[in-house]
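Take a moment to look over the sequence and the fold shown here.

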Amino acid sequence: AMDMDHPDLEVVQGDATSATDVAEAVRDQDAVVSTLGVPYTFREVTLYSTASRHILAAMATSRVRRLVAVTAGGANPKRDPNPPWFFEYVLKPFVGRTLYRDMRRMEALIQASDTRWTIMRPSRLMDRAPRKAVRVVPDVYTLPGGNELSRRDLGRVIVEHLDQDLHAGQAVAVTE
C-alpha cells in the first residue's frame with residue numbers, strides 16, 4: 001500500500017493483474033503511469049505483460065490516451081556496452097532473465113498500442129536525495145556512466161513528461 005498524501009493525488013488500491021481493478025483505477029483519469037516492479041526471481045514473471053494488457057484495454061475503454069511506463073535497461077535483448085560487467089553478464093542473463101523477458105513483452109505491447117506512450121528505462125533506482133542533472137535520451141536502453149538514479153528524480157521526470165507531453169511514442173533511458 002502507498003502511504004502518500006497530496007491534494008492532487010488520489011491513491012486507488014488494487015491488483016494490477018485484475019482487469020476489473022485496473023479498469024476501475026483508469027476510469028476518469030487523464031493519464032496512466034505504470035511503475036510496476038518485482039524482485040529478481042528464477043520463476044517465470046508475467047506481471048508486466050499481464051498488467052500492461054489490462055492497462056491498455058482499460059485505457060481504450062475509458063478513452064485515456066497518455067501512458068508513461070517504467071521498465072529498465074535490462075529489457076534490452078542484446079548486449080549493452082554501458083552497464084557494469086556484473087549487470088550485463090550475470091544479473092541480466094541469469095538472475096533477472098525472467099523479469100527482463102516479461103519487461104520486453106510489456107514494451108512490445110505498449111509500442112504496438114495506439115496510446116501516446118513513453119517508456120522510461122531508468123538506471124538502478126536508489127533511495128537518496130535527488131540530483132539536479134538527469135539525462136533523458138530517446139531510443140536507447142542505457143547511457144555511458146549512468147548506473148544510478150534517485151527515485152525522486154525519476155518521479156520528477158515522469159511528471160515533467162506528463163505535463164509537457166514529452167517523448168510520446170519513444171522509449172528513453174533515464175539516469176544521472
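What follows is a short tour of this predicted model.

Residues are numbered from 1 along each chain as its sequence is written, and side-chain values use heavy atoms, with hydrogens and water left out. Because the model is predicted, local features need pLDDT of at least 70 and side-chain atom pairs count only at pLDDT 80 or more, while totals for chains, interfaces and linings use all residues.

**The sheet**

Let's start with the strands. Helices (H or I, at least four residues) and strands (E, at least two) are DSSP runs numbered from the N terminus. Two strands pair if DSSP finds at least two bridges between them. Here five strands form an open sheet with mixed pairing, in the order 1-2-3-7-5. Strand 1 (31-34) and strand 5 (135-138) are at the edges with a single partner strand each, so one side of each has no neighbour in the sheet. On average, neighbouring strands are turned by 20 degrees against each other, direction ignored; axes are lines fitted to C-alpha atoms, for helices over the stretch in contact, and angles run from 0 to 180 degrees between N-to-C directions.

| Strands | Sense | Bridges | A facing pair |
|---|---|---|---|
| Strand 1 and strand 2 | parallel | four | Ala 31 and Arg 66 |
| Strand 3 and strand 7 | parallel | five | Met 120 and Val 172 |
| Strand 5 and strand 7 | antiparallel | four | Val 136 and Val 174 |

**Covered and uncovered strands**

Buried means under 20% relative accessible area, exposed over 50%, and partly exposed in between (1.4 Å probe, protein chains only). In strand 2, five of five residues are buried. Arg 66, Val 68 and Val 70 point one way from strand 2, and Leu 67 and Ala 69 point the other way. Strand 7 has five of its six residues buried, so it is largely enclosed by the rest of the structure. Strand 1 has Val 32 and Ser 34 on a covered face, with Ala 31 and Val 33 on an uncovered one.

**The core**

In soluble globular proteins, nonpolar side chains tend to be buried together. A nonpolar core is a set of buried Ala, Val, Leu, Ile, Met, Phe, Trp, Tyr and Cys residues joined through side-chain atoms within 4.5 Å. The largest one in this model has 24 residues, and those with the most contacts inside it include Val 32, Leu 67 and Ile 110. Among the elements giving two or more residues to this core are helix 2 (47-62), strand 2 (66-70) and helix 4 (97-111). Apart from it lies another core of nine residues, including Val 68 and Leu 149.

Which residues does Ile 110 contact, leaving aside neighbours within four places in sequence? Ile 110 is in contact (heavy atoms within 4.5 Å) with Ser 52, Leu 56, Leu 67, Ala 69, Trp 117 and Ile 119. Helix 2 lies across strand 1 and strand 2, at about 170 degrees to strand 2.
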